[in-house]
Amino acid sequence: MLNWKEVPQLPKAQGRIEAIDLARGIAIGLMIISHAVSGLVGMRHVPDWGMVPIHFLTKFSSSLFILVFGIALAVAFLAYTQSDDWPRRRLKLWVRAVEVWFWYKALIIIEMLPFSSPSDMVNTLLYGRFAIWVEILGFYAIALLWVPLILPLWARMPLWGRLATIAGLTLLSAWLQGFSFGGYDLLKAFLVDHEEHYAWGQLSRAPLILSGLLIGEALLRCYFDAALRRRLILWLVGAGALMVAAFYAIAIAGGDVHGAMMAVARNVGKHPPGINFMLFSVGGALVLLGLALAGGAAAAKVLLPITLVGSDALKAFTFHIVMIFLVLRFLLEGEGAYSYPQALGVGGLLILGAALWIWLTRWMAAHR
């Protein structure tokens, strides 16, 4: 029976949970496909059959990525927040934040190199504007600064308090959408998203991170017990299916299901988060997460390239941005040179290439 006053009492993970890497790898793989097409072809040139279903389904990526971010933090750190070595682990997260922030800034230059002036690059580097494809990395860099500060509090908070925090932040970010922030659009984008900027709002995405912490807590309790694991998987897949069904119910009530699907494929409701987009994106993310957990270590081995990509998200992200924007777009002047099917093929090759790069760098480090 659910105990609303219960605080997390977590076992430590019995080794690495490959299913988390698989889920993260699926998110990154969908992201790479989307970036390859938008970076090399442009979404305006994608045929309708490509928007739905292909780019409609890639919208699972961002929500799955953020959920897994929270899950990984819970699995790797939440159980240690009351231990003597928590300051060392917290510092590790902050050092990681600096590393991610460095690569975020470096990849801004690479993203903008094919089509922007040096002054525009400097303006973006100084937060005078936001980039597009690499902004998710900037979101994680900042999130890694504040999430370690709340983890000890989260670990002592009763279940009702954790759920209330998620609901409260969701309502607060929606309410703040009505504020102009004194005309500081970049500040609004940074906090709660803005329709004219591709930034990921810290407040508007915080509920997903915290939901990931809750799922991570459940995962630590259930993953190594077959019966409990099946129950968790059913909850995740069931909740995700209900959210996707709610999206279609709204679309049917509106009288244009295909139009609603096309709107999601074109990112309508992504920045700032809209109800239709989030129902579909989060719902699909929960289904994919449940399937990854159901597959477990066996699926992780079968889909080894995807699992490898998910085992080092920063390296995979850096690899695909460098290849798309520095190599293909800038050095080889490939913008507009690819058909849509070719760009999809490039995306698939980049997933394999990222997996190979991760494996090679690990092999080199092990044989120094």
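Pro-53 is placed in helix 2, which covers residues 48–57. In this predicted model, the peptide bond that joins Val-52 and Pro-53 is cis, with an omega of about 20°. A cis peptide bond also joins His-271 and Pro-272, where omega is about -10°. Pro-272 lies in a loop, between helix 11 (257–265) and helix 12 (275–302). These bonds deserve mention because most peptide bonds are trans.

The loop between helix 11 and helix 12 also holds Asn-267. The phi angle of Asn-267 is positive, at about 70°, although the residue is not a glycine. Asn-267 has a relative accessibility of 24% and therefore counts as partly exposed, since that class lies between the limits of 20% and 50%. A positive phi is found as well at Phe-181, with a value of about 55°; Phe-181 is likewise not a glycine. Phe-181 belongs to the loop between helix 7 (159–176) and helix 8 (185–192). Such angles are noted because most residues other than glycine have a negative phi.

Ser-311 is located in helix 13, which comprises residues 304–311. The relative accessible area of Ser-311 is 16%, so this residue is buried, the cut-off for that class being under 20%. The side chain of Ser-311 makes a polar contact with the side chain of Arg-362, at 2.8 Å. When neighbours within four places in sequence are left aside, the residues in contact with Ser-311 are Arg-16, Asp-21, Arg-24, Ile-358 and Arg-362.

With regard to the protein as a whole, the secondary structure consists of 15 helices and 0 strands. The radius of gyration is 20 Å, which agrees with the value near 21 Å that a compact globule of 368 residues would have. Along the principal axes, the C-alpha atoms fill a box of roughly 60 × 55 × 45 Å. Of the 368 residues, 51% are buried. Among contacts with a separation of 6 or more, 80% are between residues 24 or more positions apart.

The surface and the charges were also computed. The protein exposes about 17100 Å², and 68% of this area is supplied by carbon and sulfur atoms. There are 28 positive and 20 negative side chains in the protein. The centres of these two sets lie 9 Å apart.

Key:
Residues are numbered from 1 along each chain as its sequence is written. Side-chain values use heavy atoms; hydrogens and water are left out. Helices (H or I, at least four residues) and strands (E, at least two) are DSSP runs, numbered from the N terminus. The radius of gyration is taken over C-alpha atoms; the globule rule is 2.2 Å times the number of residues to the power 0.38. Buried means under 20% relative accessible area, exposed over 50%, partly exposed in between (1.4 Å probe, protein chains only). Contact means heavy atoms within 4.5 Å. Accessible areas come from the Shrake-Rupley method with a 1.4 Å probe; for residues, only the protein chains shown count as cover. Lys and Arg count as positive and Asp and Glu as negative; His and the chain ends are not counted. The place of a charge is taken as NZ of Lys, CZ of Arg, CG of Asp or CD of Glu. A polar contact is a pair of N or O atoms within 3.5 Å; within protein, one must be able to donate a hydrogen and the other to accept it, and residues adjacent in sequence count only if both atoms are side-chain atoms.
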